[in-house]
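Dear colleague,

Please find below the structure that I am handing over to you. My notes on what was found in it follow directly after.

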Amino acid sequence: MKRFASLLLCFCASAAFAGAATGPKLDIGKGGQCVEDTQWMRKNHPQLLNHQRDETVRQGVRESKHSLKGCIECHASTQDNSVTARKDSFCVGCHSYEAVKLDCFECHSDKRQSAWLQRNAK
Amino acid sequence: MSDIDLPRRSFFKTSIGAAAIAIAPGILLFDMAHGKSQPVSGKVRWGMLIDTAQCQDGCNDCVTACNKENGLSGSTGPTDSQWIRKVEIKSISTGRKVSLPMMCQHCEHPPCVDVCPTNASFKRADGIVLVDRHRCIGCRYCMMACPYKARSFVHEPLSDQNPDVPRGKGTVESCTLCVHRIDKGQQPACVESCSNKAILFGDLNDPNSEIAQKIRAVATVEVRANLRLNTGVRYQGL
């Protein structure tokens with residue numbers, strides 16, 4: 001029984017540590033229900049974006065489900081409407097943690113479109 | 001020829017037909033689940049007709065609207081992007097002056113697409129000539145190939161682009177016929193801004209469209225028609 005208790009304690013402790021060390025704390029914007037499962041998206045979002053971008057640019061398929069604009073619309077910070085402006089912004093937070101270069105936003109706007117339109121209204 | 005096994009061949013034919021019937025509903029359901037996610041149709045060919053008689057000398061509204069829509073600076077220096085420009089031409093012999101907007105002519109046989117080493121320059125199924133900036137390496141062959149001098153190279157880093165119009169340093173760009181607006185069912189920004197209605201936009205392949213009826217009825221020309229590029233932009237009264 002003693003051994004079982006210590007084993008249980010071990011599990012709990014490791015779970016707590018794992019919980020603390022799951023990565024950077026992100027400003028997820030509006031968040032909520034995403035288009036796919038969160039863990040799956042963490043792994044596969046580059047493939048989705050690449051696939052969608054080729055279809056959009058070359059064939060004019062413009063559905064919002066897996067589009068970069070769709071990502072930004074939900075996940076841009078509610079404070080500054082951006083996914084790259086701060087260290088804990090949605091895209092930058094993870095990419096700098098993982099040391100993966102993020103070059104989408106050299107061409108693409110990192111701002112939520114609704115906010116951009118509001119600012120640039122006639 | 002006689003050794004071809006005809007029953008075997010017909011068996012393949014019928015089985016392919018049966019497979020198509022079995023798969024087709026799945027494809028239809030897939031399409032419906034994706035809503036408006038159809039690729040653009042090759043039956044459409046977008047084009048413009050520019051009436052030089054209506055185009056006012058000195059008016060720059062189309063250029064301003066284009067700059068605003070696509071986030072261009074509006075400067076006309078050697079390293080600034082210009083997607084559309086106003087051109088004034090004058091006949092030396094008669095002295096007649098004409099003012100017209102000049103931009104990518106959206107050729108059916110675009111030289112820029114021919115020369116692109118990475119397939120970044122391409123013609124979409126509906127006739128719009130575009131640059132896929134994901135592939136563009138900035139070699140600028142297309143700029144040299146274009147007889148209309150329609151393309152620009154982005155020399156400086158950009159920020160705060162229109163979310164609908166991504167643009168970036170190191171790539172070539174040109175008039176997109178406001179493809180993001182066309183896909184939403186709107187007209188290009190220059191067409192909408194022209195107070196004299198000098199630019200007519202529409203589907204050249206649809207015999208009932210206003211533009212198709214007009215190019216049937218009045219004399220219009222392509223610029224540099226001798227190159228036989230079959231441009232999508234045509235001019236009236238040149």
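Two strands are taken to pair if DSSP finds at least two bridges between them. Helices (H or I, at least four residues) and strands (E, at least two) are themselves DSSP runs, numbered from the N terminus. By these criteria, β9(B) and strand β10 (residues 233-236) of chain B form an antiparallel pair over 2 bridges.

This is a predicted model, in which local features need pLDDT of at least 70 and side-chain atom pairs count only at pLDDT 80 or more, whereas totals for chains, interfaces and linings use all residues. Residues are numbered from 1 along each chain as its sequence is written, while chains are lettered from A and ligands numbered from 1 in the order in which they are written.

The two chains

Chain A contains 5 helices and 0 strands, and its pattern along the sequence is α-α-α-α-α. Chain B has 7 helices and 10 strands. A residue is called buried if 20 or more other C-beta atoms lie within 10 Å of its own, exposed if 12 or fewer, and partly exposed in between, with C-beta atoms placed from the backbone. Buried residues account for 22% of the 122 residues in chain A and for 33% of the 238 residues of chain B.

Two residues are in contact if their C-beta atoms, placed from the backbone, lie within 7 Å. Among contacts in chain A with a separation of 6 or more, 60% involve residues 24 or more positions apart. In chain B, 61% of the contacts between residues at least 6 apart in sequence join residues at least 24 apart.

The interface

Between the chains, 16 residues of chain A are in contact with 20 residues of chain B. On the chain A side, α2 (38-59) and α5 (113-119) each supply at least two residues, and α2(A) gives the most, with 4 residues. The residues on this side comprise 4 nonpolar, 5 polar and 7 charged. Here Ala, Val, Leu, Ile, Met, Phe, Trp, Tyr, Cys and Pro count as nonpolar, Asp, Glu, Lys and Arg as charged, and the others, Gly among them, as polar.

The sheet in chain B

In chain B, 4 strands form an open sheet of mixed pairing, in the order β8-β1-β10-β9. β8 (199-203) and β9 (220-221) of chain B stand at the edges with a single partner strand each, so one side of each has no neighbour in the sheet. β1(B) pairs with β8(B) in the antiparallel sense over 5 bridges and with β10(B) in the parallel sense over 4 bridges. Ile50(B) has Ile199(B) as its bridge partner in β8(B) and Tyr235(B) as its bridge partner in β10(B). Tyr235(B) is also the bridge partner of Val221(B).

As 6 of the 6 residues of β1(B) are buried, this strand is largely enclosed by the rest of the structure. Trp46(B), Met48(B) and Ile50(B) point one way from β1(B), and Gly47(B), Leu49(B) and Asp51(B) point the other way. Helix α7 (residues 210-217) of chain B lies across β1 (46-51), β8, β9 and β10 of chain B, at about 110 degrees to β8(B). For such angles, axes are lines fitted to C-alpha atoms, for helices over the stretch in contact, and values run from 0 to 180 degrees between N-to-C directions.

A buried loop residue

Tyr148(B) lies in the loop between α4 (141-145) and β6 (152-153) of chain B. Tyr148(B) counts as buried because it has 20 C-beta neighbours inside 10 Å. Leaving aside neighbours within four places in sequence, Tyr148(B) is in contact with Met102(B), Cys104(B), Gln105(B) and Val223(B). The C-alpha atoms of Tyr148(B) and Gln105(B) are separated by 7.6 Å, although these residues are 43 apart along the chain.

With kind regards
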